[in-house]
Structure formats: C-alpha cells, structure tokens
Amino acid sequence: MAFPDDVKYTAEHEWVRRADRPGVVRVGITQYAQEQLGDVVYVSLPEPGAAVTAGDPFGEVESTKSVSDLFAPVSGSVVARNDALDTQPDLVNSDPYGDGWMVEIEAPDSEGLAAALDGLMDADAYAASVSAP
Amino acid sequence: MTDTPPAQQAPRETPLRAVHEALGANLVDFAGWLMPLRYGSETAEHTAVRERAGLFDLSHMGEISVTGPQAAALLDHALVGHMSAVREGRARYTMICDAAGGVLDDLIVYRLGETEYLVVANAANADVVHAALVERAAGFDATVTDRSAEFALIALQGPKAVEILAPHTDATLDEIKYYAGYRQQVAGRPVMLARTGYTGEDGFEVFCAPADAEHIWSALLAAGEQHGLVPAGLSARDTLRLEAGMPLYGNELSREVTPFEAGLGRVVKFDKEGDFVGRDALLARSKEGPRQRLVGLVARGRRVPRHGYPVLVDGAPAGEVTSGAPSPTLGKPIAMAYVPADAPPDAEYAVDVRGRAEPADRVDLPFYQRAK
C-alpha cells in the first residue's frame with residue numbers, strides 16, 4: 001500500500017493536505033481506511049460555512065457493513081465540500097487521495113494551523129501505525 | 001474511523017484459507033472462523049451473483065449427522081419440522097427451538113437415506129445444536145455425531161450456476177430439484193451436492209472432504225470464468241440474503257423469538273406424530289398470534305438503518321432493526337425490523353439513525369425475488 005508523503009495523517013485514518021490557498025487544508029480518508037470500509041455508498045458532509053473543531057465529528061461515511069464518523073483534523077470553517085461524492089461516493093474507494101476528497105477547511109490563523117499539522121503523523125509514522133499487529 | 005478490537009482467540013481456518021489469500025481476500029473473524037469478507041468490491045460480488053454467478057466458501061457451517069433406526073423419529077421430536085416426511089434425497093428448511101419456543105438455530109436438514117440425515121447448522125450455533133440433539137436423543141435408537149471437521153462447503157450461486165457446474169458433474173442437474181441433495185461427484189471428487197442456497201438465486205451447495213476443497217474450488221472458478229463467475233465473500237452473502245428476505249440467526253432469529261414472530265410459522269408442524277420440544281409453547285403462540293412482526297423497510301433517504309437501530313411508528317419508538325444494508329439491487333437502503341404485530345402497515349415508519357428520524361416505507365418481504 002502506498003502512503004503519499006505530501007499529506008499528513010490522523011489516527012482516525014484521515015489525510016490532510018495544504019490547499020493552494022494559504023490557511024486552507026483539504027481532507028479525505030486514507031487508502032487503508034477505504035479498504036477497511038469496503039464500498040462507500042454515502043458520504044454525509046457539512047455545507048460551506050460550517051464550523052468544525054479538531055477531534056470532533058463533522059460528517060459520516062456509510063459503507064455496506066458500517067457507518068463511521070469523520071473527525072475534523074483541524075479546527076476552522078468549511079470552505080468547500082466535494083459535491084461529486086453526492087452522486088459518486090465510490091470515488092472514495094477509487095481515488096481516496098484525489099477525486100475522493102471530502103472537505104476543505106480554513107483555519108483561523110496560520111500559526112495555529114502549522115502547529116496542528118505538525119502534531120499529525122507523516123507517511124512513515126502512519127504506515128507504521130496501520131501495519132502494527 | 002475506529003478500529004475493531006482484535007479477536008479474543010485465534011479464529012479457525014477453512015481448508016481454503018490460502019486460496020482466499022492468493023485471491024486478495026479481506027479475511028475477518030466471523031463466528032470464530034477466519035472467513036473472506038470480500039475479495040474486491042462487495043457490491044460487484046453481489047451483482048455478479050444476481051446476474052451471473054458467485055462462488056462462496058461456507059466451510060464454517062456446522063454439519064451434524066443423525067443416523068440409526070430412529071433417526072427420523074428423533075428429528076421429529078427434536079426439531080419443529082416433520083422430518084420423517086422428508087423423502088430420501090430431499091432437504092427441508094427447519095428450526096430447533098427450546099421448550100419455550102425460542103429459536104436455538106435455523107437449519108437445513110438433508111435426508112441422505114432411510115436412516116441417515118445431515119443437519120446443517122450455523123457456525124456460531126453448531127455446538128449448541130449438537131449438544132441439544134445429543135440430549136434430545138436420549139431414549140431414541142439414533143446416533144448424533146458432529147461431523148463439521150469432515151466437511152468443507154462450497155456454494156455456487158447465481159443464474160449461471162447450472163451452466164458452470166454441468167460439465168463438471170455426472171449429475172443431471174435439471175433433475176435436481178430445489179431443496180434436494182444427493183451423493184454425486186463434482187470435478188471427479190465425491191461430494192454431497194445440494195440445490196440449496198442463501199442468496200435468492202438458483203444454485204448449489206457442494207459438501208466435500210476438506211482435502212478436496214481446493215481442487216473443487218479451483219475447478220469451478222476456472223469453469224466459471226467465461227460465465228463471469230467471481231469469488232464472493234460474506235459481505236455479499238449478507239446483502240443477498242437480506243434482499244431475499246432470509247433471516248440470519250443473531251439478527252432476525254434468537255431465543256427471544258419464536259418462528260411465528262419471524263413470519264416463519266409455516267416451518268412448525270403440529271400435525272406430526274408425537275410430541276416435540278417447544279410444542280406447547282409454540283401452539284399457544286400460534287393461537288394467540290405473534291407479538292411482533294418481521295417487516296421490510298425501504299429508507300427514503302440515503303442513511304442506512306442498521307442492526308439495533310430503533311424503529312419509530314407514527315413518531316414513537318416501537319421496534320428495532322434486525323438487519324440493514326444498502327441494497328445493490330434496489331439502489332436504496334433496506335432493512336428488516338421487528339415491530340408490534342398490531343402496527344398498521346400504512347402508519348408512518350421511520351428509523352432512528354444515530355439520533356435523526358429517517359423516514360422509511362414498510363414493504364412486504366422479500367425485497368427481491370428472482371424471475372422463475
């Protein structure tokens with residue numbers, strides 16, 4: 001399994017990537033997560049403008065066998081949601097780090113965001129965490 | 001995302017474990033067995049079974065033989081069905097209940113000979129069923145033997161099943177009726193070949209020696225390739241049986257319900273000779289009518305009702321979802337649920353999906369029935 005090194009990872013199997021716009025990050029779930037879930041049939045995402053708090057649920061992802069909360073990796077406000085998932089939730093399975101992204105979150109201050117991202121796992125640490133017995 | 005806790009004990013392995021791994025299966029602990037949950041997309045596996053065919057490893061199922069001059073009489077006493085009326089070579093769906101009428105397991109019983117039956121139990125209940133049969137065999141000239149370790153079980157299910165199997169067996173498949181089972185050969189190996197299944201499709205179940213399982217599996221998989229056969233896991237099996245309105249023990253069936261609540265009162269045969277375990281309680285329940293009813297729900301939204309979620313009837317909590325999943329065939333979430341027997345079908349139904357009432361339509365079961 002490949003672990004892209006241009007994203008940071010959470011213990012809840014989300015990835016976080018800095019967007020082009022300063023202070024904004026894009027969030028999705030990892031390849032490992034989508035493999036564990038199986039076919040994703042529905043993703044519930046907040047509308048732009050919604051406030052999210054690091055560590056709190058902001059949405060849910062439904063697969064054949066289960067429903068899982070999505071946890072915000074950083075605090076801020078939602079500035080974009082991936083509307084394509086409304087009709088093609090399987091993008092989460094086929095392209096979890098690309099077209100299967102979920103939301104973009106704008107953090108209130110850049111220093112706080114940098115600190116929050118520093119607190120997340122890099123590719124090596126995440127790879128080790130999911131391969132642990 | 002939260003991780004599931006690791007299993008307490010190392011699960012048992014079927015003779016096909018290495019085959020599943022080579023096929024890239026996601027293996028999970030199910031009822032104490034390491035079983036393939038899916039090989040790739042479970043939705044694609046589900047669709048393959050509906051449209052073409054799927055191959056399942058069901059070696060976790062329990063097989064218990066009942067033999068002897070009074071094998072038939074014992075089973076008439078121990079089970080709710082009329083097993084002495086089953087003809088040789090035929091099978092019957094039935095249940096084993098406790099004295100209060102609660103369901104201990106649902107079973108398929110094959111009559112292999114005048115004095116020989118094979119009882120197929122759910123993996124999680126195999127020990128319970130074996131113990132109950134041994135206990136109920138007291139006073140009968142019959143022998144109950146747990147033969148689970150002597151059988152692997154491979155199911156070939158789907159509209160292409162006959163075409164795929166025919167060149168690999170001497171059996172004349174057109175003459176094998178639904179719910180029949182015979183000793184035959186498949187891929188040159190001795191098997192018990194049965195026309196049964198748990199998917200709502202035509203198909204076969206092949207009981208074989210564990211040592212022959214890999215040979216038979218590989219032969220069928222190769223034979224089915226040109227017909228679009230795919231290996232299918234327990235995830236697809238669950239959505240297939242749910243669409244077909246078939247109960248799963250631990251979900252729709254338990255000691256807390258009788259066959260009448262599950263809408264399966266027809267399996268209880270009061271007109272057979274002699275007493276049977278649970279008869280008085282079941283007779284009373286059949287007269288007073290079931291307290292709950294198993295119904296189908298189709299969600300109007302996209303959030304999926306799941307096992308244990310409360311069901312609201314006209315806004316008030318009144319029942320519980322027993323099984324729920326996104327239905328690949330209907331393209332909507334579906335569920336089976338127990339509701340009070342007097343809940344009107346035209347009431348407003350909803351499922352409490354994690355704190356929000358999601359409207360649903362009550363429908364007759366099954367959700368899906370194949371064209372005959």
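In this predicted model, the side chain of Glu252(B) makes a polar contact with the side chain of Thr322(B) at 2.7 Å. The side chain of Glu252(B) also reaches the backbone nitrogen of Leu248(B), at 2.8 Å, and the two pairs are set out below.

| Side chain | Partner | Distance |
|---|---|---|
| Glu252(B) | side chain of Thr322(B) | 2.7 Å |

Glu252(B) lies in the loop between α7 and α8 (279-288) of chain B. Because its relative accessible area is 1%, which falls under 20%, Glu252(B) counts as buried. Leaving aside neighbours within four places in sequence, the residues in contact with Glu252(B) include Arg241(B), Met246(B), Pro247(B) and Val257(B), together with Leu294(B), Thr322(B), Ser323(B), Met336(B) and Tyr338(B).

The surrounding strands can be described next. Chain B contains a closed barrel of 6 strands, which runs β15-β18-β17-β16-β19-β20 with antiparallel pairing, and the twist from one strand to the next averages 45°. Helix α7 (residues 234-243) of chain B packs on this sheet, where the helix touches β17 (316-327) and β18 (332-340) of chain B, and the direction of α7 makes about 125° with that of β17(B).

Strand β15 (residues 292-299) of chain B and strand β20 (residues 356-363) of chain B run antiparallel and are joined by 4 bridges. Gly296(B) stands opposite Val363(B), a residue in β20(B). In general, the strands of a sheet pair through backbone hydrogen bonds, in either a parallel or an antiparallel manner.

Notes
Residues are numbered from 1 along each chain as its sequence is written. Chains are lettered from A and ligands numbered from 1 in the order in which they are written. This is a predicted model: local features need pLDDT of at least 70, side-chain atom pairs count only at pLDDT 80 or more; totals for chains, interfaces and linings use all residues. Side-chain values use heavy atoms; hydrogens and water are left out. Two strands pair if DSSP finds at least two bridges between them. Helices (H or I, at least four residues) and strands (E, at least two) are DSSP runs, numbered from the N terminus. Axes are lines fitted to C-alpha atoms, for helices over the stretch in contact, and angles run from 0 to 180 degrees between N-to-C directions. Contact means heavy atoms within 4.5 Å. Buried means under 20% relative accessible area, exposed over 50%, partly exposed in between (1.4 Å probe, protein chains only). A polar contact is a pair of N or O atoms within 3.5 Å; within protein, one must be able to donate a hydrogen and the other to accept it, and residues adjacent in sequence count only if both atoms are side-chain atoms.
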